[in-house]
Amino acid sequence: QVQLVESGGGLVQAGGSLRLSCAASERTFSRYNMGWFRQAPGKEREFVAAISWSGGNIYYADSVKGRFTISRDNAKNTVYLQMNSLKPEDTAVYYCAAGTVLSTMTPGYDYWGQGTQVTVSP
């Protein structure tokens, strides 16, 4: 199994940037497709971005397209989410996830991190 730990969350003003990192415990990290999801208080967890094991296939939610960039460094067992032009609507706990299927849906992922809080002030 894969254990994931997110970091890089914090408080930022609207229009600012933040870079999230997700470190995996397994050297087999490169075999997994990775995704980023977020969950705001009182709302369901929603898809943000996903990247295939090779990095060749990438998907973004329409709400973040053009602002967020997902990437991975398999040598470091780490996946990143660069968030630019942040909006208050981006405020949520952000989770990284790993799965054997590249998916934009929560059921497509088998392993989840504990999450990191991102707060965007107006």
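1. Let me start with W112. At 24% relative accessibility, this tryptophan counts as partly exposed; the classes used here are buried for under 20% relative accessible area, exposed for over 50%, and partly exposed in between, with a 1.4 Å probe and protein chains only. The ring of W112 pairs with that of Y109: the centres are 6.1 Å apart and the planes stand at 65°, so the pair is edge-to-face. For reference, rings of Phe, Tyr and Trp (its six-membered ring) pair if their centres lie within 6.5 Å, and planes under 30 degrees apart count as stacked, over 60 as edge-to-face and the rest as tilted.

2. A word on what you are looking at. This is a predicted model, in which local features need pLDDT of at least 70 and side-chain atom pairs count only at pLDDT 80 or more, while totals for chains, interfaces and linings use all residues. Residues are numbered from 1 along each chain as its sequence is written, and side-chain values use heavy atoms, with hydrogens and water left out.

3. Back to the rings. The structure holds five aromatic pairs. In one of them, F37 and Y109 have ring centres 5.2 Å apart and planes at 75°, so this pair is edge-to-face. It links distant parts of the chain, with F37 in strand β4 and Y109 in the loop between β9 and β10 (111–112), 72 residues apart. Strands here are DSSP runs (E, at least two residues), numbered from the N terminus. F37 is buried at 0% relative accessibility, and Y109 is buried at 5%. Ring pairs link F37, F47, Y109 and W112 into a cluster.

4. Next, the sheet. Four strands form an open sheet in the order β1-β3-β8-β7, with antiparallel pairing; two strands pair if DSSP finds at least two bridges between them. The edges are β1 (4–7) and β7 (68–73), each with a single partner strand, so one side of each is left without a neighbour in the sheet. From one strand to the next, the twist averages 15°; axes are lines fitted to C-alpha atoms, and angles run from 0 to 180 degrees between N-to-C directions. Strands β3 (residues 18–24) and β8 (residues 78–83) pair in the antiparallel sense over six bridges. S21 stands opposite Y80 in β8.

5. Q82 is worth a click while you are in this sheet, as it lies in strand β8. At 26% relative accessibility, Q82 is partly exposed. Its side chain makes a polar contact with the side chain of N84 at 3.0 Å. A polar contact is a pair of N or O atoms within 3.5 Å; within protein, one must be able to donate a hydrogen and the other to accept it, and residues adjacent in sequence count only if both atoms are side-chain atoms. Leaving out residues up to four places away in sequence, Q82 touches S17, L18, R19, R67, F68 and T69, where contact means heavy atoms within 4.5 Å.

6. R67, one of those neighbours of Q82, is found in the loop between β6 (58–60) and β7. Is R67 buried or exposed? At 10% relative accessibility, R67 counts as buried. Its side chain makes a polar contact with the side chain of D90 at 2.8 Å, and also reaches the backbone oxygen of S63 at 2.8 Å.

7. R38 lies in strand β4 and is buried, with a relative accessible area of 5%. A polar contact of 3.5 Å joins the side chains of R38 and S63, and another of 2.7 Å joins the side chains of R38 and E46. Beyond residues up to four places away in sequence, the contacts of R38 include V48, F68, D90 and Y94.

8. Finally, the nonpolar core, meaning a set of buried Ala, Val, Leu, Ile, Met, Phe, Trp, Tyr and Cys residues joined through side-chain atoms within 4.5 Å. The largest has 33 residues, and those with the most contacts inside it are M34, W36, V79, L81, M83 and Y94. Each of β3, β4 (33–39), β5 (46–51), β7, β8, β9 (92–99) and β11 (116–121) supplies at least two residues of this core. Y94 touches W36, L81 and M83, among others, not counting residues up to four places away in sequence.
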